[in-house]
Every structure is written in structure tokens, then in C-alpha cells.
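Here is a quick tour of a protein chain for anyone who likes to know which residues sit where. Have the structure open and click along as you read.

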Amino acid sequence: MGTSSQTGGSKTIPGMLRESRDFVFACILNSALILGVVVFEWSLLEIAVIYLIEIAIINLLFFSVALFTPQSVDDLDGDSWDEEPTSIQPIGLIPPVYPRNINYVLRKAVIPAFILTVIMTPFLSGYDLDSGLPLLDSGLPLSVGLAIAGTVFFQLSRVWRYFIVNRSYQDKSPADALAFAFRPVFELFLILVFVVAPVSFVIIGTGTDLDSRAVWLLYLVPMGAIRAWMGSLDPQTDDFSVK
């Protein structure tokens with residue numbers, strides 16, 4: 001009896017550690033943003049660029065992964081989802097792409113693409129986008145570049161862990177991949193509504209200096225709480241269902 005309990009525990013702990021990676025990364029990233037403000041003197045513009053680029057990276061990666069998933073999306077009607085899917089493989093090094101997934105992904109990508117474009121345009125306009133290396137030539141700090149590189153690396157590891165290892169993408173539908181893409185968009189909505197709007201209202205109403213780095217922490221701390229909570233949720237469950 002004791003042996004079986006220990007065995008069950010030994011199986012559960014690694015599983016819990018794997019499932020907590022997203023939560024831990026959310027905490028680390030927000031801590032890095034706070035560290036960037038305090039130590040590297042990042043501006044609000046640079047913080048926003050890092051966060052929005054992270055969302056764009058997540059969407060790009062998981063919308064792309066959705067093209068390779070052969071399973072049907074639940075509750076979708078139509079012959080293309082009822083029949084065995086046809087595939088094309090333009091490059092031998094990548095998995096086959098399913099044409100029915102392309103239409104599905106393009107439809108689902110419209111809203112996130114529009115939201116990110118509208119929000120990112122005023123922030124990126126602060127950099128010279130006409131140069132060959134806009135972010136570097138415009139004086140973006142190396143620390144910001146490293147933060148973005150770390151985000152790319154972590155998101156690639158998520159793609160590997162959830163979809164590539166043991167070719168697990170073969171057992172998934174495009175909706176499974178899009179659940180990962182939509183989570184940060186929903187997180188952005190929560191941050192705008194429950195952090196940016198009320199904190200900005202209080203700061204502007206009290207006439208507080210927006211250039212104060214201590215004031216910026218009023219944004220980052222509740223942002224971190226929302227990101228940590230979202231990181232504790234599993235996109236593969238019904239918490240984030242995409243139809």
C-alpha cells in the first residue's frame with residue numbers, strides 16, 4: 001500500500017513541475033520587467049514593446065503549429081471535418097500541412113491580428129522602422145533584446161513540449177494549438193481592463209508624475225498577478241476552448 005502511494009507520488013510530482021512551467025515563466029518574465037525598470041531603467045515604451053512582441057511571437061508560433069494538426073475540431077460541421085483530411089508537404093523537413101486547417105486558422109487569426117496591429121502601431125512608431133535593423137538602430141537596449149530572445153526560446157520550448165515531442169501534434173486539432181495563441185490575447189484584455197484603465201485613471205486623476213519609475217510599478221505588480229494566474233491555467237483544458 002505504502003509502495004503504491006510512493007509510486008503515485010513520484011509520478012505526480014514531475015507532472016506538477018511540468019505543468020507549473022508556464023506559471024513560473026510568467027513570474028520570471030514579470031520579475032524581469034520590474035528588474036528592467038529598476039536596474040536597466042527601461043521606459044514604459046520598452047516594457048510595452050517586450051510584452052506585445054511576446055504576444056505576437058506566441059500567436060505566430062501556435063497559429064503555425066495549428067496547420068500541422070490532423071484531428072477534427074469538435075462541433076464543427078462540414079464535409080472537410082467529417083472526412084479523412086488531405087495533406088500537402090511542400091518541404092520534407094516539416095510535417096504535412098492540412099488545407100482545411102489553413103482556412104480555419106486564417107479565420108481565427110483575423111481578430112488577434114487586428115487587436116495587435118492597433119495596439120502595437122503607436123508603440124512601434126517610437127522606433128525608426130525604415131532602417132534595416134530598426135530596433136538596434138533606434139537604440140533599443142541590449143537587455144531588452146535579450147528579454148525578447150528569452151521569450152522566443154521559451155515559446156519554442158512550449159511548442160516542442162506540447163506538440164513536437166513524440167509527434168504529439170498528430171493527436172491534436174487546430175483548436176488545441178489556437179488555445180495557446182488566444183490565451184495571451186485574453187490576458188491582454190484583462191490587463192487593459194483591470195490594470196491599465198483603473199491605474200491610469202487614478203494616476204491622472206491625482207496628477208501623479210507618469211515619469212516616476214515607482215509609479216510604473218503600480219502597473220507591473222498587478223500585471224504580474226494576472227500573468228501568474230493565467231500561467232497557472234492549462235490551455236489544453238476547457239479553460240480555453242476554441243471552436
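## The big picture

Keep in mind that this is a predicted model. The protein chain has nine helices and zero strands, so if you spell out its pattern along the sequence under the DSSP-based helix numbering, you get α-α-α-α-α-α-α-α-α.

Of the 243 residues in the protein chain, 40% are buried. The chain exposes about 13700 Å², and carbon and sulfur atoms supply 66% of that area. As for contacts between residues at least 6 apart in sequence, 78% join residues at least 24 apart.

## Helix α3 and its two partners

Two packed helices are described by the angle between their axes and the distance between the axes. Start with helix α3 (residues 44–65) and helix α7 (residues 142–164), whose axes come within 10 Å and cross at roughly 25°. An angle under 35 degrees counts as roughly parallel, and α3 and α7 are therefore roughly parallel to each other. Their crossing is right-handed. On the α3 side, the residues that meet α7 include I50, I53, E54, I57 and L61. On the α7 side, look for A147, I148, T151, V152 and Q155, among others.

Now turn to α3 and α5, which pack at an angle of about 165° with their axes 10 Å apart. These two are therefore roughly antiparallel to each other, since the cut-off for that label is over 145 degrees. α3 passes α5 in a left-handed crossing. The contact involves, among others, L45, A48, V49, L52 and I53 of α3 together with V105, K108, A109, P112 and L116 of α5. I53 of α3 is worth a click, as I53 is listed in the contact with α7 and also in the contact with α5.

## Helix α5 against helix α8

Helix α5 (residues 99–124) also packs against α8, at an angle of about 15° and with the axes 11 Å apart. That makes α5 roughly parallel to α8. Here the crossing is left-handed.

From α5, the residues that meet α8 are N101, Y104, K108, P112, I115 and I119. From α8, they are P174, A175, L178, F182, V185, L188 and L192. K108, P112 and I119 turn up in this contact and in the one between α3 and α5.

## R227, a buried arginine

Is R227 buried or exposed? R227 has a relative accessible area of 3%, so it counts as buried. This arginine lies in helix α9 (residues 213–231).

What does the R227 side chain make a polar contact with? The partner is the side chain of E54, at 3.1 Å. E54 is also one of the α3 residues that meet α7. Leaving out residues up to four places away in sequence, R227 touches A26, L29, N30, Y51, E54, E187 and I191.

## W216, also in α9

W216 lies in helix α9 and is buried, with a relative accessible area of 6%. Apart from neighbours within four places in sequence, W216 is in contact with V37, W42, S43, L44, L210 and D211.

## L33 in α2

L33 lies in helix α2 (residues 21–38). With a relative accessible area of 2%, L33 is buried. Setting aside residues up to four places away in sequence, L33 touches W42, I47, I50 and L220. W42 is a contact of W216 too.

L33 and A147 are 114 residues apart in sequence, yet their C-alpha atoms are 8.8 Å apart in space. A147 is one of the α7 residues that meet α3.

## S200 in α8

S200 lies in helix α8 (residues 174–206). Its relative accessible area is 18%, and buried means under 20%, so S200 counts as buried.

A polar atom of the S200 side chain lies 2.6 Å from the backbone oxygen of V196. Not counting residues up to four places away in sequence, S200 touches V195 and Y219.

Key: Residues numbered from 1 in each chain as written. Predicted model: local features only at pLDDT ≥ 70, side-chain atom pairs only at ≥ 80, totals over all residues. Heavy atoms only, no water. Helix = DSSP H or I, 4+ residues; strand = E, 2+ residues; numbered from the N terminus. Buried < 20%, exposed > 50% of the residue type's maximum accessible area, 1.4 Å probe, protein only. Contact = heavy atoms within 4.5 Å. Areas by Shrake-Rupley, 256 points an atom, 1.4 Å probe, with all protein chains shown as cover. Polar contact = N/O pair within 3.5 Å; in protein donor to acceptor, adjacent residues only side chain to side chain. Axes fitted to C-alpha atoms, helices over the stretch in contact; angles between N-to-C directions. Parallel < 35°, antiparallel > 145°, perpendicular 65-115°, else oblique. Left-handed = near helix turned anticlockwise from the far one by under 90°.
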